[in-house]
Amino acid sequence: MKTLITASQVISLAFSPEEPYSSSLITTSDIIEAESRHLRPIVGDDLYNAMLHGSYGELVDDYVAPMVAAWTRYIVEPLIPSRTCTIHTTERITEAMNDYAERQMRALGDKASTLSRRLSDHLNANCSSYAEYNPNSNPLNRCFIYGNIIQVR
């Protein structure tokens with residue numbers, strides 16, 4: 001299946017150069033999951049398909065790719081130890097390690113959510129530039145989630 005970004009783009013956009021991961025860490029299904037769960041509800045099927053067919057390259061490069069990469073990392077992060085074979089079954093996982101992992105996942109989720117809001121705000125401010133976009137279908141125009149509190153407009 002075709003995706004809007006590649007595994008290499010996920011690595012370059014969502015990981016720092018100091019993190020020693022290659023694009024083989026990211027599978028196509030990881031990107032598909034991020035696009036399906038987090039992008040398509042915002043942009044809708046018509047705009048999503050238009051982007052898949054090469055329309056709106058600047059929108060994809062500037063807004064969509066960073067957001068999808070961030071959500072893909074969020075999805076992949078818990079799987080990295082098993083994908084990189086760094087699990088040590090004899091090593092006990094301490095409470096501090098669990099706390100760190102929880103804080104890291106929360107930070108990654110916050111970053112991805114911020115990039116989702118950035119894309120949504122751009123689309124709303126420039127509706128006339130994207131004929132396939134329907135702001136009434138965008139769930140971020142009806143609901144905010146801050147700190148596990150859902151606010152509906």
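User: Hi! Which pattern does the chain follow, read along the sequence?
Analyst: Read along the sequence, the pattern is α-α-α-α-α-β-β. That comes to five helices and two strands. Helices (H or I, at least four residues) and strands (E, at least two) are DSSP runs, numbered from the N terminus. Please keep in mind that this is a predicted model: local features need pLDDT of at least 70, side-chain atom pairs count only at pLDDT 80 or more, and totals for chains, interfaces and linings use all residues. Residues are numbered from 1 along each chain as its sequence is written, and side-chain values use heavy atoms, with hydrogens and water left out.

User: Thanks. How many of the residues count as buried?
Analyst: Of the 153 residues of the chain, 36% are buried. Buried means under 20% relative accessible area, exposed means over 50%, and partly exposed is in between (1.4 Å probe, protein chains only).

User: And what about contacts between residues at least 6 apart in sequence?
Analyst: Among those contacts in the chain, 69% join residues at least 24 apart. Contact means heavy atoms within 4.5 Å.

User: Let's look at helices. At what angle do α2 and α3 pack?
Analyst: The angle between α2 and α3 is about 155°, and their axes are 6 Å apart. That makes α2 roughly antiparallel to α3. Axes are lines fitted to C-alpha atoms, for helices over the stretch in contact, and angles run from 0 to 180 degrees between N-to-C directions. Angles under 35 degrees count as roughly parallel, over 145 as roughly antiparallel, 65 to 115 as roughly perpendicular and the rest as oblique.

User: Which residues make the contact of α2 with α3?
Analyst: From α2 they include I31, A34, E35, R37 and L39, and from α3 they include V64, V68, W71 and I75. By class, the contact of α2 with α3 divides into 14 nonpolar, two polar and four charged residues. Here Ala, Val, Leu, Ile, Met, Phe, Trp, Tyr, Cys and Pro count as nonpolar, Asp, Glu, Lys and Arg as charged, and the others, Gly among them, as polar.

User: You listed V68. Is it buried or exposed?
Analyst: V68 is buried, with a relative accessible area of 0%. This residue is in helix α3. Leaving aside neighbours within four places in sequence, V68 is in contact with I5, I31, A34, E35 and L39. The C-alpha atoms of V68 and V10 are 58 residues apart along the chain and separated by 7.8 Å.

User: Now α1. How do the axes of α1 and α3 cross?
Analyst: The axes of α1 (residues 7-14) and α3 (residues 57-76) come within 9 Å and cross at roughly 90°. So α1 is roughly perpendicular to α3. Q9, V10, L13 and A14 in α1 meet A65, P66, A69, A70, T72 and R73 in α3. The contact of α1 with α3 has seven nonpolar, two polar and one charged residues.

User: Which residues in α1 are buried?
Analyst: They are A7, V10, I11 and A14. These residues cover an arc of only 100° around the axis, which puts them on the same side of α1. The arc is that of the directions from the helix axis to the C-beta atoms. What covers the buried residues of α1 includes α2 (28-52) and α3.

User: Changing topic, what is phi of Y56?
Analyst: Phi of Y56 is near 60°, a positive value in a residue other than glycine. Most residues other than glycine have a negative phi. Y56 lies in the loop between α2 and α3 and counts as partly exposed, at 23% relative accessibility.

User: Last one: where does R117 lie?
Analyst: R117 lies in helix α5 (residues 95-125). R117 is buried, with a relative accessible area of 16%. A polar atom of the R117 side chain lies 3.1 Å from the backbone oxygen of L140.

Notes: Polar contact = N/O pair within 3.5 Å; in protein donor to acceptor, adjacent residues only side chain to side chain.
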